[in-house]
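I opened the model today and kept notes on what I looked up. The entries follow in the order I made them.

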Amino acid sequence: MALAGLSLAVACDTQQDRAAAPAEPAVQAEGRVDVLARFLALEPAGPEDSVVAEVGTTVIYASDVRREIAARSLHDHPANVAPSDPVFQQVLSELTEQRLLALEALRRGMDRDIEARRRLAAAEERILGNILVETVVANSITDEAIERIYQEQNRLAPRLEEVRASHILVTTREEAEEVARLLAEGEDFAQLARQVSQDPGTRLDGGDLGYFTRDGMVQAFSRQAFATETGETSEPFQTDYGWHVLRVTDRRVQPRPGLESLRGNIVRFLTLEGIQTLLDTVRQTYPVTRSGVPAPSQIRAPGPVPPGDPEDSGEEEPDDMDADEADAPGEMPQR
């Protein structure tokens, strides 16, 4: 009984000590991860930054809310979200609750737990690494760098021949021959296409397929289109879709894409290239020794593929292809 009474007395003393503990722990408590000090020491991000909430003796700034909005892609222009915006208020409520829970965890001494210390260290490591990458990559992605990659790709990329053609699609050879006869007698191609063509994707456009390369259509169609002179009408020919009569209306060398259409791909390429260069540099500064099983022979992913370059699929095409497979059509483009 004496032992039980002693245990009960100790428990009561412990509860009294906890009840007497301050709402927020001392910042310099021995052996503590100084997380609260970081909360208290936060400064505004700039002269226009303002305090939008006070949680205990800590504060949350408008910049904290907008950073979270940007990280979660909750607004197209997170830097301009007003405090009165519902998105701002929702995120502020979430950050306030997060701060409350963190302060209570500190009050309970949970930051002294070895697992908590490891997780805090891992989170800080990840965030610091991300900040380094963001800073280095942002400094490398300039308008001059984007223009340089764009010009290099324009210089290296092949410019293919394109034709522009219109076609009329029917079911039988007899129908196609009748279409060819009417065209030879002067019937308007576009009007006839609207009347009889069975291609719903082009019929209302007078059969116009726009510009395409040799690989842009099924093989039998491309072969006939590129063999027909500009302004000429083909003889009826067959594909898996039916019988066609086509007219080539123009020929050109494929125009180069504009800078803006490639900007996204170029930025992604420069981002991957910047990360790889950064990793190569820091590996020379900090030696790495791996223990345990040997590292894979190819520990790093392949380098970034320049925008516009085809990626190697790793599969070889068979040497002997059946004639049927060689002529197998793809799909006609849909308007």
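Is aspartate 143 buried or exposed? I looked it up: aspartate 143 is exposed, with a relative accessible area of 56%. Buried means under 20% relative accessible area, exposed means over 50%, and partly exposed is in between, with a 1.4 Å probe and protein chains only.

**Ground rules.** I noted that this is a predicted model, in which local features need pLDDT of at least 70 and side-chain atom pairs count only at pLDDT 80 or more, while totals for chains, interfaces and linings use all residues. Residues are numbered from 1 along each chain as its sequence is written, and side-chain values use heavy atoms, with hydrogens and water left out.

**Overview.** I found 11 helices and 6 strands in the protein. Helices (H or I, at least four residues) and strands (E, at least two) are DSSP runs, numbered from the N terminus. Of the 335 residues, 26% are buried. The protein exposes about 23000 Å², and carbon and sulfur atoms supply 51% of that area. Accessible areas come from the Shrake-Rupley method with a 1.4 Å probe; for residues, only the protein chains shown count as cover.

**Salt bridges.** I wrote down the general point that side chains of opposite charge can pair when their charged atoms come close. A salt bridge is a side-chain nitrogen of Lys or Arg within 4 Å of a carboxyl oxygen of Asp or Glu. The structure holds 16 of these salt bridges. One of them joins arginine 263 to aspartate 143, with the closest N and O atoms 3.9 Å apart. Arginine 263 lies in helix α10 and aspartate 143 in helix α6 (residues 143–156), so this pair ties together parts that are 120 residues apart in sequence. Arginine 263 is partly exposed, at 25% relative accessibility.

I then looked at arginine 164, which forms a salt bridge with aspartate 208; the closest N and O atoms are 2.6 Å apart. Arginine 164 is in strand β3 and aspartate 208 in strand β4, so the pair ties together parts that are 44 residues apart in sequence. Arginine 164 counts as partly exposed at 30% relative accessibility, whereas aspartate 208 is buried at 12%.

In helix α7 I found glutamate 177 and arginine 173, 4 residues apart, about one turn of the helix. They form a salt bridge, and their closest N and O atoms are 3.0 Å apart. Glu68, Arg72 and Glu94 are linked in a network of salt bridges.

**The sheet of four.** Next I traced an open sheet of 4 strands, in the order β4-β3-β6-β5, with antiparallel pairing. β4 (208–212) and β5 (237–239) stand at the edges with a single partner strand each, so one side of each has no neighbour in the sheet. The twist averages 45° from one strand to the next. Two strands pair if DSSP finds at least two bridges between them. Strand β3 (residues 161–170) pairs with β4 in the antiparallel sense over 3 bridges. Arginine 164 stands opposite tyrosine 211 in β4.

Which helices lie across β3 and β6? Helix α7 (residues 173–184) does, running at about 45° to β6 (242–253). Helix α8 (residues 189–196) does too, running at about 45° to β3. Axes are lines fitted to C-alpha atoms, for helices over the stretch in contact, and angles run from 0 to 180 degrees between N-to-C directions.

**Valine 170.** This residue lies in strand β3. Valine 170 is buried, at 6% relative accessibility. Leaving aside neighbours within four places in sequence, its contacts include Val179, Val196 and Trp243. Contact means heavy atoms within 4.5 Å.

**The hairpin.** I counted 4 bridges between strand β1 (residues 51–55) and strand β2 (residues 58–61), which run antiparallel. Valine 55 stands opposite threonine 58 in β2. The hairpin has 2 residues between the strands, and glycine 56 there takes a positive phi near 65°.

**Serine 73.** Most residues other than glycine have a negative phi. Serine 73 is not a glycine, yet has a positive phi of about 50°. I located serine 73 in the loop between α3 (62–71) and α4 (86–107). Serine 73 counts as exposed, at 63% relative accessibility.
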